[in-house]
Amino acid sequence: MSDSQAAQGTPEGQGPVEITPELARHLENKREELFEKFEIPDEFPAEVQREAERRSQDIAGEIEAELEDRRDLRELTTWTTDPVDAQDFDDALSVEEREDAYVLWVHIADVTHYVTPDTAMWESARRRANTVYLPGYTVHMLPPVLAETVCSLVPHEARLAHTVEMHLDKDDLSYENIEIYKSVIRSDARLTYTECEAVLDEPAAAEKHLPDGETGDLGEKVPLVWELAEQMHEQRKADGSLVLNPRRDRAHTIIEESMLKANKAVTHELMWDRGVEAMYRVHPQPAPEKWSEALQEIQDLDGVSVPAGKWDEPRKAVNATLEQAPERQLDDIQWAVMKVMPRAKYMNDPFSGHHALNFEIYGHFTSPIRRLSDLINHWIVATNEVPEDLVALCDHASDRQQTAEQCEREYKQFLEEVGLDPNAVNNRGVKILDEQD
């Protein structure tokens with residue numbers, strides 16, 4: 001899954017958190033209370049469910065009919081990387097190294113082929129605006145039956161995708177060329193994050209993820225995309241992008257950097273090449289005195305020192321400090337930064353930029369299953385049709401994201417009050433014991 005806000009998967013080798021039936025009822029009652037408080041619909045109307053089920057029929061036939069109007073990328077080595085317990089796979093990667101450039105393909109499930117403005121699913125998604133991730137429980141923006149069938153890039157089956165093809169200069173990883181188009185892909189393998197790490201350690205391990213009797217170059221492609229992702233990560237830091245999780249593993253870094261590069265490419269296309277309005281992601285910068293307060297708070301932490309020459313570049317100062325700080329202080333450093341950060345929001349005008357990423361303009365494209373902004377941007381990219389109420393949609397999406405985050409905070413607090421670790425529940429899920437247990 002793209003963009004790290006998505007729910008984390010179950011760590012392999014660890015079982016779910018066990019709870020009693022009585023506690024399970026308490027959790028359910030709390031969720032219902034929060035859903036009512038924040039006006040979060042947990043059920044889909046029957047019309048939406050029926051529509052999703054209809055659009056999930058005859059997958060192969062519909063894809064065959066689409067081939068004439070799409071680029072056929074089924075022979076391109078392609079794979080997904082997701083949490084171990086992911087139910088749908090909405091993004092996939094392909095990569096090549098050429099003499100003077102890297103070519104990175106980010107394939108996103110073509111959700112707007114199925115969810116269009118004349119459907120009940122579209123109207124439902126507009127109202128919901130995002131998927132709400134609570135520890136151990138998810139409230140989806142789109143019906144899961146759609147996400148888990150036609151919009152899931154499952155291995156060894158053809159699927160419709162919206163592909164962002166980026167040719168990146170080898171020297172500075174700038175975009176030499178960007179193409180965004182509809183495609184048909186076939187994923188060669190579904191990797192978990194742990195399996196991706198294993199392939200990076202031993203490329204021959206890739207063979208076991210291919211169909212019986214098949215061989216391929218997946219064992220070459222995964223290390224290649226890591227080489228590229230590592231360079232993109234270091235380039236982004238050098239350019240002044242804030243990196244609050246410097247110790248992220250290689251597999252997560254591959255996904256994060258690839259999705260950021262694709263989102264930025266789409267924004268480039270929409271703004272500079274087409275000059276159209278879209279749902280841009282804007283993050284204002286804190287006042288200089290707020291940054292100074294944050295850096296001083298970090299400097300005062302035991303065992304932590306902000307590099308002397310970095311105070312005039314706060315984002316780089318935080319990056320350098322995080323890389324050297326003791327593990328026990330990472331959360332406090334991150335919190336000191338988050339406290340002074342203004343809230344990011346969606347706007348039809350991108351020119352306030354994205355301060356944390358240090359991108360002049362930025363928008364979301366890689367998660368149309370779980371974010372309204374991405375769904376709308378897919379539609380604009382494909383059709384050049386901008387919704388008349390785009391400003392209202394931006395405000396609504398921003399408000400609903402804030403609501404979802406507040407709901408998540410209150411649910412996590414409740415879990416702690418009843419003696420549960422929200423991170424354990426989020427990462428491992430829950431298992432309800434039998435009454436006699």
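Analyst: Lys170 pairs with Glu97 in a salt bridge, and their closest N and O atoms are 2.8 Å apart. Lys170 sits in the loop between strand 8 (158-169) and strand 9 (175-186), while Glu97 belongs to strand 4, so the pair ties together parts that are 73 residues apart in sequence. Keep in mind that this is a predicted model. In general, side chains of opposite charge can pair when their charged atoms come close.

How covered are the two partners? Lys170 has 26% relative accessibility, so it counts as partly exposed. Glu97 is partly exposed too, with a relative accessible area of 43%. Both values fall between the 20% and 50% cut-offs.

Now the wider setting. The whole structure holds 28 salt bridges. One of them joins Glu405 to Arg343, with the closest N and O atoms 2.7 Å apart. Glu405 is in helix 13 (residues 390-417) and Arg343 is in the loop between helix 11 (330-340) and strand 12 (345-347), so this pair links parts 62 residues apart in sequence. Another salt bridge joins Glu157 and Arg159, at 3.2 Å between the closest N and O atoms. Here Arg159 is buried, at 5% relative accessibility, whereas Glu157 is partly exposed, at 41%. Salt bridges also link Glu66, Arg70, Asp110 and Lys182 in a network.

Finally, some charges gather on the surface. A patch of negative charge there includes Glu99, Asp100, Asp171 and Asp172. Asp100 lies in the loop between strand 4 (91-97) and strand 5 (101-109). Its relative accessibility is 52%, so Asp100 counts as exposed.

Technical notes: Residues numbered from 1 in each chain as written. Predicted model: local features only at pLDDT ≥ 70, side-chain atom pairs only at ≥ 80, totals over all residues. Heavy atoms only, no water. Patch = residues over 30% accessible without salt bridge, like charges linked within 9 Å, V, L, I, M, F, W, Y side chains within 5 Å. Areas by Shrake-Rupley, 256 points an atom, 1.4 Å probe, with all protein chains shown as cover. Salt bridge = Lys/Arg side-chain N within 4 Å of Asp/Glu carboxyl O. Lys, Arg positive; Asp, Glu negative; His and termini not counted. Charge placed at Lys NZ, Arg CZ, Asp CG, Glu CD. Helix = DSSP H or I, 4+ residues; strand = E, 2+ residues; numbered from the N terminus. Buried < 20%, exposed > 50% of the residue type's maximum accessible area, 1.4 Å probe, protein only.
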